[in-house]
Amino acid sequence: MDAQTVIAKRIALELRDGMLVNLGIGIPTQVANFVPAGIHVFFQSENGLIGTGQVAEPAMALPWLTDAGGQPVTALPGASTFDSAMSFGLIRGGHLDLTVLGGLQVDQRGMLANWMIPGKMVPGMGGAMDLATGARRVIVAMQHTAKGRSKIVQSCSLPLTSSRPVDLVVTELAVIGFPDGRATLLETAAGVSAEQVLAATDAELAIAANLIDSASKVNQQVPVACAAN
Amino acid sequence: MRTISVQDAVEMIPNGASLMIGGFMGVGTPEPLIDQIVRQGTNDLLVITTDTAFPGVGTGKLIGAKLVSRLIASHIGLNPETQRQMMAEELQVELVPQGTLAERIRAGGFGLGGILTRTGIGTVVEQGKRKVAVDGVDYLLETALRADFALVHAFIADYLGNLSYALTARNFNPIMAMAADNVIVQAENIVPVGVVAPDHVVTPAPIVDYITAKG
């Protein structure tokens, strides 16, 4: 299993029935492929859609039905559409249960930087600041390291996305939470030791007293094929 | 409301005008109006739009033709030409969080001086802005936005100018229609009065100044 799949599958276990969820682009988008059986989740696209379905087949693509990346998608039965003020009212107003965002850096207090690299990449924050600030729960999906350097850092060197700390970081090595404002290793991925996580992390990382092997959770997942029951 | 040709509509827009342009990655952008601005070469524009789409798409066409001198947007990441012009200081760009942009436009159209939001607190977005504490919580004061013209895309317009929108092509169009001195609409379908039920009208006719004729 590649790193992105490991991350997406683990985050999918955080989904609960009836949640309104916004997935960022990149690894977060893949979370939709692993919704646990028997759970119905409403996916929001911030361009004004709840009930976002699969990417549309070319012959079925509609120019007026797209995701937040501008790609043609389908709408599931029960979908709804609305303008951008409503869309961000949902995000900021405490109606969005969960957002999953990509990350460039997360520091040991849970501060996220994910929208620019000064001098190199200035794409604009789009909806990231509203999502990171307004969602009820924020999960960051990112690889643990980039070019051999830890993306979990003591203090973000890149511009912050929000002053509100994230709730959870899921990498291909670990699940990290921030109880009492301190980065804490909650779970290790299958076949990964706590020592390996610490060695790959350039930040103060506490280890939870009840450290869990993520494999024990992921393997409990009921195959989606059984969802009809 | 008056019907007008695309050409006559764009001729009303002078160099240096401020434009709000609907659309999200080009979806719900009134492309015929954009194409005509490019043909006429109306320049030195201030454009308020959530993104600059891709090169050759939507507001990306205005960037490519170098008709924009100032841009207020939330995302320019999928248009390398916008980033190039910004880095080369040919184009002045104000990046605004998307939800804040929506609310600043809404405020402009709803008679409010601005809005208070948590978004941007503790980030570079707060630089130069006032903070207001309400019940012990800090908010950023973000001021209202208005423009000389709103270029709006609708799915259906009736002969009076009542508008409804299609799916995700709605996005910023209804709030921009409220926030400009002149509202120019390009509609996919123009239908007799009564076809759009009152409950399905999103933008009421008195808001609309011009509907561009098809063809």
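User: In which loop of chain A is the place of A:Asp17?
Analyst: This is a predicted model, in which local features need pLDDT of at least 70, side-chain atom pairs count only at pLDDT 80 or more, and totals for chains, interfaces and linings use all residues. Residues are numbered from 1 along each chain as its sequence is written, while chains are lettered from A and ligands numbered from 1 in the order in which they are written. With helices (H or I, at least four residues) and strands (E, at least two) taken as DSSP runs numbered from the N terminus, A:Asp17 falls in the loop between helix 1 (3–12) and strand 1 (20–23) of chain A.

User: Does A:Asp17 count as buried or exposed?
Analyst: A residue is buried if 20 or more other C-beta atoms, placed from the backbone, lie within 10 Å of its own, exposed if 12 or fewer, and partly exposed in between. A:Asp17 has 9 C-beta neighbours inside 10 Å, and therefore counts as exposed.

User: Which residues does A:Asp17 touch, not counting residues up to four places away in sequence?
Analyst: The C-alpha atoms of A:Asp17 and A:Val41 are separated by 5.9 Å, although these residues are 24 residues apart along the chain. With contact taken as C-beta atoms, placed from the backbone, within 7 Å, the residues that A:Asp17 touches are A:Ile39 and A:His40.

User: Which residues of helix 1 of chain A are buried?
Analyst: Seven of the ten residues of this helix are buried, so helix 1 of chain A is largely enclosed by the rest of the structure. What covers them includes helix 2 (27–30), strand 5 (98–102) and helix 6 (214–218) of chain A. The buried residues are A:Val6, A:Ile7, A:Ala8, A:Lys9, A:Arg10, A:Ile11 and A:Ala12.

User: Leaving aside neighbours within four places in sequence, with which residues is A:Ala12 in contact?
Analyst: A:Ala12 is found in helix 1 of chain A and, with 20 C-beta neighbours inside 10 Å, counts as buried. Its contacts beyond four places in sequence are A:Val31, A:Phe34, A:Val35 and A:Pro36.

User: Which helix of chain A gives the largest share of the side that touches chain B?
Analyst: The contact takes 34 residues from chain A and 37 residues from chain B. Helix 3 (84–92) and helix 4 (128–134) of chain A each supply at least two residues of the side of chain A that touches chain B. The largest share of that side, five residues, comes from helix 3 of chain A.

User: How are helix 3 of chain A and helix 5 of chain B oriented to each other?
Analyst: Their axes, which are lines fitted to C-alpha atoms over the stretch in contact, with angles running from 0 to 180 degrees between N-to-C directions, come within 9 Å and cross at roughly 125°. Angles under 35 degrees count as roughly parallel, over 145 as roughly antiparallel, 65 to 115 as roughly perpendicular and the rest as oblique. Helix 3 of chain A and helix 5 of chain B are therefore oblique.

Key
Two residues are in contact if their C-beta atoms, placed from the backbone, lie within 7 Å.
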